[in-house]
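Q: Hi! I have a structure open and would like to go through it with you, one bit at a time. Can we start with the packing?

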Amino acid sequence: GKHVNVVMPVGGRSSMYTDWNADDPVLGRNKWQTYLTRELPGLLNGYLSTTGVNAIAGVSMSAGPALDLAIQAPDVYRAVGSYSGCAKTSDIPGATAVSTIVGLGGGNPINMWGLPSSPQWVAHDPYVNAQRLVGKAIYISAASGLPGPIDKGGFPNPPVEGLSAICTGLFAARLSSLGIPATYVQRPQGAHTWGLFEADLRDSWPLIADAIGA
């Protein structure tokens, strides 16, 4: 009942939704940034006769990349939502987390951005490049990791949500230090479940809707 098209691309497990430097023996050819920021929007605009005004959001592994894509393609997205993710890629904890995510999918992170000392790890770090989010509507959220009713009986993962909370808090502080307005939600309960993600999506919708005219 809203003036919006919801587009949910399938695939990209452990890819960080970025353009990889090299094909990966397990994860294949990943050119997600090109697809999501240059190829898909144009196709949708023509096929659906859209307004051409977009927002992007991601949960868990795709939460940090949603921020990165909004930075890499500033002309494409007016709003961005990041739910229970991490916005760091270039410091030791961030690079370790990213490498772990890629590795869990069987991929080699060197095929993505090269060695962790490569400038690409910094270029795709939303924490470092947060200034480039100026002017966008931003919603970031995470919970304590303590399971609760918000999880709706899902399969809680307290450690992952707890780490997301730390990372999201650091990113919120970074935005605040730069004077960049953002909605930051830190929930006392929630443990990395779809119930938590649903609640955050619903809470973020008014902000996103206002930014895209929906």
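Q: Which residues does Met112 touch, not counting residues up to four places away in sequence?
A: Met112 touches Ser15, Met16, Thr18, Asp19, Trp20, Asn21, Val98, Val102 and Trp121. Contact here means heavy atoms within 4.5 Å. Keep in mind that this is a predicted model, where local features need pLDDT of at least 70 and side-chain atom pairs count only at pLDDT 80 or more, while totals for chains, interfaces and linings use all residues. Residues are numbered from 1 along each chain as its sequence is written, and side-chain values use heavy atoms, leaving out hydrogens and water.

Q: Ok, and which residues touch the most other members of the largest nonpolar core?
A: Those are Met112, Leu133, Phe171 and Leu175, in a core of 32 residues. A nonpolar core is a set of buried Ala, Val, Leu, Ile, Met, Phe, Trp, Tyr and Cys residues joined through side-chain atoms within 4.5 Å. Buried means under 20% relative accessible area, exposed means over 50%, and partly exposed is in between (1.4 Å probe, protein chains only).

Q: Which elements give two or more residues to this core?
A: They are α1 (32-48), α2 (63-72), β2 (77-83), α3 (92-104), α4 (110-113), β3 and α6. The largest share, 5 residues, comes from α2. These labels are DSSP runs numbered from the N terminus: helices are H or I with at least four residues, and strands are E with at least two.

Q: What about Ala66: buried or exposed?
A: Ala66 is buried, with a relative accessible area of 3%. This residue belongs to helix α2. Leaving aside neighbours within four places in sequence, Ala66 is in contact with Ile56, Ala57, Gly58, Val80 and Gly81.

Q: New topic: what is the strand order in the open sheet?
A: The 4 strands run in the order β1-β2-β3-β4, with parallel pairing. At the edges are β1 (54-59) and β4 (183-187), and each pairs on one side only. Two strands pair if DSSP finds at least two bridges between them. Neighbouring strands are turned by 10° against each other on average, direction ignored. For such angles, axes are lines fitted to C-alpha atoms, for helices over the stretch in contact, and the values run from 0 to 180 degrees between N-to-C directions.

Q: How many bridges join β1 and β2?
A: There are 6 bridges between β1 and β2, in the parallel sense. Ile56 stands opposite Val80 in β2.

Q: Which residues of β1 are on the covered face?
A: Asn54, Ile56 and Gly58 are on the covered face, while Ala55, Ala57 and Val59 are on the uncovered one. In a regular strand the side chains alternate between the two faces of the sheet.

Q: I like rings! How many aromatic pairs are there?
A: The whole structure has 5 aromatic pairs. Trp113 and Trp121 form an edge-to-face pair, 5.2 Å centre to centre with 85° between the planes. Rings of Phe, Tyr and Trp (its six-membered ring) pair if their centres lie within 6.5 Å; planes under 30 degrees apart count as stacked, over 60 as edge-to-face and the rest as tilted.

Q: Are those two buried or exposed?
A: Trp113 counts as buried at 2% relative accessibility, and Trp121 counts as buried at 0%.

Q: How is the pair of Trp194 and Phe197 arranged?
A: Trp194 and Phe197 are edge-to-face too, 5.3 Å centre to centre with 90° between the planes. They are 3 residues apart in helix α7 (residues 194-212), so about one helical turn separates them. Trp194 is exposed at 66%, whereas Phe197 is buried at 7%.
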